[in-house]
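Morning, everyone. Have the sequence and the model open, please, and follow along with me.

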Amino acid sequence: MSETIPTKDGPAVTQATLVKKAAPKSDYKPADVSPQRRVQRSFAVRLWSIRHSRLLEWFYAKFADMFLLLHPLWKGIGYGRVEGPIKFVEKRVKGFMFDCRMCGQCILSSTGMSCPMNCPKQLRNGPCGGVRANGNCEVEPDMPCVWVKAWEGSQNMVHSDRILTVQKPVDQSLRETSAWLRVTAQAAAAREAAAAKNGAANTGASA
Amino acid sequence: MIGRQRDENPAGIDLPLDPLPGHTSRGRLERVLRRGEFAVTTELNPPDSADPEDVYNRAKIFDGWVDAINAVDASGANCHMSSVGICALLTRMGYAPIMQIACRDKNRIAIQGDVLGGAAMGVANMLCLTGDGVQAGDQPGAKPVFDLDCMSLLETCRIMRDNGKFLSGRKLTTPPQLFLGAAINPFAPPIDFRPHRLGKKIASGAQFVQSQYCFDVPMFRTYMQKVRDLGYTEKCFILVGVGPLASAKTAKWIRSNVPGIHIPDSVIKRLEGAQDQKKEGKQLCIDIINEVKEISGVSGVHVMAYRQEEYVAEIVDESGVLKGRQPWKREIRRDDQMVADRLEHILHDDITETQVDMVKTAH
């Protein structure tokens with residue numbers, strides 16, 4: 001039920017511009033998704049990432065392995081102490097590549113390398129019913145729907161069925177923390193638990 | 001016998017029905033669907049008022065024609081009476097409301113509280129929605145919450161019902177008995193993802209789904225083909241959204257202004273060519289119902305006649321989807337009738353009785 005956009009003369013006036021003009025600066029912007037930002041930013045890099053989702057999937061797998069190899073180093077320095085610098089890098093790299101919102105629980109591999117937190121409704125389980133016929137967002141008519149792109153991206157990937165898993169609600173307490181370090185710490189913990197279990201089984205068998 | 005219909009608790013119309021095996025709720029809608037009957041649901045236009053009569057008057061026109069009534073949760077992000085409030089009123093009168101819960105306005109704390117409150121009032125059906133964006137409504141400056149999405153909301157309700165726990169793991173003394181619903185839109189991109197999304201909703205707990213307005217039957221048929229191939233029709237009841245269009249002008253306006261509604265050109269052409277566009281819109285709706293009811297896997301229709309609610313009965317009647325069955329209808333109970341008769345007698349018949357007379361007549 002949004003207002004019609006006058007496009008008769010001159011350059012097309014975007015919805016974002018109208019919103020920008022109408023809305024006072026103090027208005028709430030969910031997770032920093034704001035029409036102001038949309039006007040300033042293009043989606044070129046984000047869309048490139050989605051087009052190359054298969055490459056990025058391969059790269060991230062290698063990258064995660066490397067991070068896990070470095071686990072002794074992180075542990076040596078202390079996860080708490082590396083959090084700051086790693087977050088600094090992660091925020092900027094993922095911010096540039098995917099328009100990352102630092103939810104702290106990255107699921108890019110399950111969403112075709114399209115960050116679901118860019119969805120104005122922050123949906124993590126698929127598109128809402130309001131997607132426009134041209135595949136653009138209901139809330140921000142100039143933006144391609146994050147989930148239309150996610151579906152395209154996921155179909156290029158090796159694990160194309162990961163998009164079908166039901167995601168849990170966002171844990172808001174993890175915002176602005178490093179997902180890279182969390183994943184590494186969890187993987188290391190899982191590895192150690194498995195090793196301890198195996199060790200226990202071996203000693204049990206020998207005794 | 002007055003006041004005793006199928007799917008009614010003899011102890012009182014506002015009380016839940018006896019639990020049946022294989023049923024997760026104690027409501028009427030689940031019974032109708034599980035019996036294999038073609039269900040009809042509709043939507044109550046929520047009043048902008050604090051008068052309960054407004055709700056009752058709007059519900060009355062559906063009497064005997066629908067199996068359940070959707071209590072919308074600020075649809076289109078426009079402010080109205082809340083769905084919890086409408087449900088409180090409707091359950092008192094014995095109606096079977098479907099309480100809609102949108103993720104737009106409430107976080108997980110408020111939502112779980114409302115689920116318990118609703119279930120305690122006797123709401124048996126809950127429809128989990130994401131909700132329209134605030135930009136669509138009358139107060140675009142509102143803070144959009146979207147703490148959960150429709151999928152995690154479904155899962156939350158399912159956990160509360162089946163595990164008897166809050167999302168946090170804290171135990172419930174009495175878990176809610178619910179029939180969980182969700183919405184589908186087969187007409188919006190990405191089209192090939194849509195059937196899989198239904199699969200995700202079923203995995204999260206959806207037992208029935210209501211679709212967005214269906215004006216493009218061939219498109220819906222393709223969708224249903226895919227859904228049947230994936231085997232979802234056995235796990236979930238699918239209700240098709242239909243509704244009358246008031247005129248070609250309205251259709252065009254909806255198409256360009258309301259997100260998520262797909263109206264093909266052929267529909268608009270048909271409306272434009274008609275003498276009486278309103279009548280043609282109603283006929284179109286009946287024709288669509290007649291087409292979709294034949295599609296295998298379709299368990300019912302959801303008639304959305306916004307501001308044309310008086311047509312719902314006609315549409316249901318003329319399409320013949322009920323096949324002679326009459327859904328539950330609010331009737332005067334025998335004891336109420338007796339009181340009303342006596343009251344009539346006392347108030348209107350001009351009689352003056354003395355104690356002496358009364359003793360005489362008593363003997």
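Predicted model: local features only at pLDDT ≥ 70, side-chain atom pairs only at ≥ 80, totals over all residues.

Let me start with a detail. Keep H6(B) in view, please.

The predictor assigns the complex an ipTM of 0.85 and a pTM of 0.86. For chain B, the mean pLDDT is 92. In that chain, 99% of the residues reach 70 or more.

Now the two chains, beginning with chain B. Its secondary structure comes to 13 helices and 8 strands. The C-alpha trace spans about 85 × 60 × 45 Å along its principal axes. Now take the contacts in chain B between residues at least 6 apart in sequence. Of these, 78% join residues at least 24 apart.

Chain A is built from helices. There are 8 of them, and 0 strands. Read from the N terminus, the order is α-α-α-α-α-α-α-α. Chain A has 207 residues, and buried ones make up 32%. For contacts between residues at least 6 apart in sequence, 66% join residues at least 24 apart in this chain.

One record belongs here. An unreviewed UniProt entry annotates residues 86–172 of chain A as "domain: Methylene-tetrahydrofolate reductase C-terminal-like". What does the model show over that stretch? Residues 86–172 of chain A are 26% helix and 0% strand. The end C-alpha atoms of the stretch are 20 Å apart.

Back to chain B, and to strand S8, residues 298–303. How many of its residues are buried? The count is 6 of the 6, so strand S8(B) is largely enclosed by the rest of the structure. Look at its partners. Strand S1(B), residues 39–44, runs parallel to S8(B), joined by 4 bridges. Strand S7(B), residues 237–242, also pairs with S8(B) in the parallel sense, over 5 bridges. Now find Val301(B) in S8(B). Val40(B) stands opposite Val301(B). Val240(B) stands opposite Val301(B) as well.

Next, H6(B) again. Here 8 of the 11 residues are buried, so the helix is largely enclosed by the rest of the structure. Among the buried ones are Leu198(B) and Ile202(B), along with Arg194(B), Arg197(B), Lys200(B) and Lys201(B). What covers them? The cover over the buried residues of H6(B) includes H5, S5, strand S6 (208–213) and helix H7 (217–229) of chain B.

How many residues does each chain bring? Chain B brings 35 residues, and chain A brings 28. On the chain B side, the elements giving two or more residues are helix H5 (150–163) and helix H6 (194–204). H6(B) gives the most, with 6 residues. By class, that side of chain B divides into 13 nonpolar, 14 polar and 8 charged residues.

Last topic, backbone geometry. Most residues other than glycine have a negative phi, and most peptide bonds are trans.

Start with the peptide bond from Pro189(B) to Pro190(B). That bond is cis, with omega near -10 degrees. Pro190(B) sits in the loop between strand S5 (179–184) and H6 of chain B.

Second, Ala74(B). Its phi is positive, near 45 degrees, and it is not a glycine. Ala74(B) lies in the loop between strand S2 (68–71) and helix H3 (83–92) of chain B.

Third, Glu176(A). This residue has a positive phi of about 60 degrees, and again it is not a glycine. Glu176(A) lies in the loop between helix H7 (146–155) and helix H8 (179–206) of chain A.

Buried or exposed, for these last two? Ala74(B) has 23 C-beta neighbours inside 10 Å, so it counts as buried. Glu176(A) has 10 inside 10 Å, so it counts as exposed.

That is my tour. Questions, please.

Key. Residues numbered from 1 in each chain as written. Chains lettered and ligands numbered in written order. Buried ≥ 20, exposed ≤ 12 C-beta atoms within 10 Å, placed from the backbone. Pairing = 2+ DSSP bridges. Contact = placed C-beta atoms within 7 Å. Nonpolar A, V, L, I, M, F, W, Y, C, P; charged D, E, K, R; others polar. pLDDT = per-residue confidence, 0-100. UniProt positions renumbered as here; feature names shortened; annotations may be inferred.
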